[in-house]
Amino acid sequence: MVHPPSDDPTWWRDAVIYEVYVRSFADGDGDGTGDLAGVRSRLPYLRDLGVDALWFTPWYASPMADGGYDVADYRAIDPAFGTLAEAEALIAEALALGIRTIVDVVPNHVSDRHPWFRAALAAGPGSPERERFWFHPGTGPDGAGIPTHWESSFGGGTWTRTTNPDGTPGEWYLHLFTTQQPDLNWTHPDVWAEHEDVLRFWFDRGVAGIRIDSAALLVKDPALPELPAPGTTPAPGGHPHLDRDELHDVYRAWRKVADSYPGTRVLVGEVWLDDAERFAAYLRPDEMHTAFNFDVMAQPWDAVALRASVDRTLAAHRGVGAPATWVLSNHDVTRPVTRYGRADSSFSFAAKRAGTPTDLDLGTRRARAAALLTAALPGSLYLYQGDELGLPEVEDLPPEAVQDPMHARSGGVDPGRDGCRVPLPWSGDRPPYGFSADPPGGVPAEPWLPQPAGWAPRTVAAQEADPGSMLRLYRDALALRRSEPGLGDGDLRWLDAGPGVLAFARGDVLCVVNLSAGPVALPPHGGVLLASGPTDGAALDPDTAAWLRAA
Ligand code: TEU
């Protein structure tokens, strides 16, 4: 069934957006790394799943020091993934199947192999080339002290010292992430002009949106002050490198670029902020269209916490007229079936709970219920590849296979994020489970991260044949979401269903989620539309959700 994208200017307000982590989606040339040929070969799968748009994590030329979030050239596709011509073909083919494309732009930093950074290193201290970055002398008589004690969210410090052409130690440069990701200076006009041009480059190629990486980090206090003391909160907008007020001018300029194109081209921000009002400020009508709402993802499987999070989210968005987004996971966080099977099922980077026991059957039941909960909430929905297959986090990757820099930078303490990036299983009963096509006359290379034994029941082929599978649940849910006028954008009305139960009405669809320890009676209804587990229509088991026709 083809759903051509309408020219509806509000398409993004209720879109279902599927995140493609290109390296791990499908490998068309058999070298063990996912690529654009692989995605093109699997477009019918994405159409049948029922998604409206694809968000591609960075597919640009990159040394892959951070899985492509270290971009060396925004106007070229990394050779491991394919060519620009293939990207253009992919965008067109997806659109012909009714699927829009969103690309990822990483404005906080570039790769240390980017021509600007190479030129800056070559040109030396005091040069105009260095002004596009944050080069700074060190402290102390020999300049050996770091300019600030800011901490990287990847572990370790945020400054690396350069070496002068004569071999003596030189200036330091700022990188909030890895050493290979120097931060750009957003007070520099070149940085503004270059990014607006990159947006145009991709809008000209037909993309419908831009995902903005680390969107609240770009602007730094030029005085480079130390961080506020632990436990103290800086004045709003006054943190040295997070959520500074000047950021809003950047996104107003980007919005003008987006609005200059026909069809509605959208900006989606990756904005990690605890303060819902500060978060919503990025969604004012002349800034971004939407941003990832990580608040619900961070909550444990608990009715009170989840309801409070939904209410907080909806209230903050209402204030700016933007639709909420619902996000259960992405390529940075622990897979939901693993998270929800733990005694503490909340998520935070600081306390990644690898190694703590999980009950995957319980986690899977809850992740199924969470899928129906989030798909019924008002706004747009994000789905990370593999969650529709109920893949667990792979927590026993051999340390030598792990590539995520978070692992090495933490001295091996943080497991890193590769456990949710293992290549998808498509078919068959052993690795590579159809992930890699056979290269001409040969057998495929090993996948870039090893896939576990025992994933045969989790392949797409196995799940297509199983009416009780996660894949079939997602397909059914997304089809209903499309056909039910009450779902998608709009408002919700909470129903009183007793402690431990979330229940709300969306038009004439009711969503009931049982997070309590025992079965609960369903409210009066006119039929079960879909349920995440068995139900007789009268009661709902624990950790189960149902969509009902209102009575
Ligand atoms: O993630 C941003 C990111 O990891 C931080 O904002 C982090 O979440 C925060 O500090 C938590 O405290 C994006 C990408 O999604 C990720 O894959 C990249 O590694 C990162 O940016 C750097 O580009």
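Reader: Where does Pro432 sit?

Author: Pro432 is in the loop between helix H12 (405–409) and helix H13 (460–464). Helices here are DSSP runs of H or I with at least four residues, strands are E runs with at least two, and both are numbered from the N terminus. By the way, this is a predicted model: local features need pLDDT of at least 70, side-chain atom pairs count only at pLDDT 80 or more, and totals for chains, interfaces and linings use all residues. Residues are numbered from 1 along each chain as its sequence is written, and side-chain values use heavy atoms, leaving out hydrogens and water.

Reader: What kind of peptide bond joins Pro431 and Pro432?

Author: A cis one, with omega at about 5 degrees.

Reader: What makes Tyr433 count as buried?

Author: Tyr433 has a relative accessible area of 1%. Buried means under 20% (exposed is over 50%, partly exposed in between, with a 1.4 Å probe and protein chains only), so Tyr433 qualifies. Tyr433 is also in the loop between H12 and H13, and its phi is near 50 degrees, a positive value in a residue other than glycine.

Reader: Why is Asp243 called buried?

Author: Because its relative accessibility is 6%, Asp243 counts as buried. Asp243 lies in the loop between strand S9 (209–212) and helix H6 (247–259), and its phi is positive too, near 55 degrees.

Reader: How do you know that Thr57 is buried?

Author: Thr57 comes out at 3% relative accessibility, so it counts as buried. Leaving aside neighbours within four places in sequence, Thr57 is in contact (heavy atoms within 4.5 Å) with residues including Glu19, Tyr69, Asp104 and His331.
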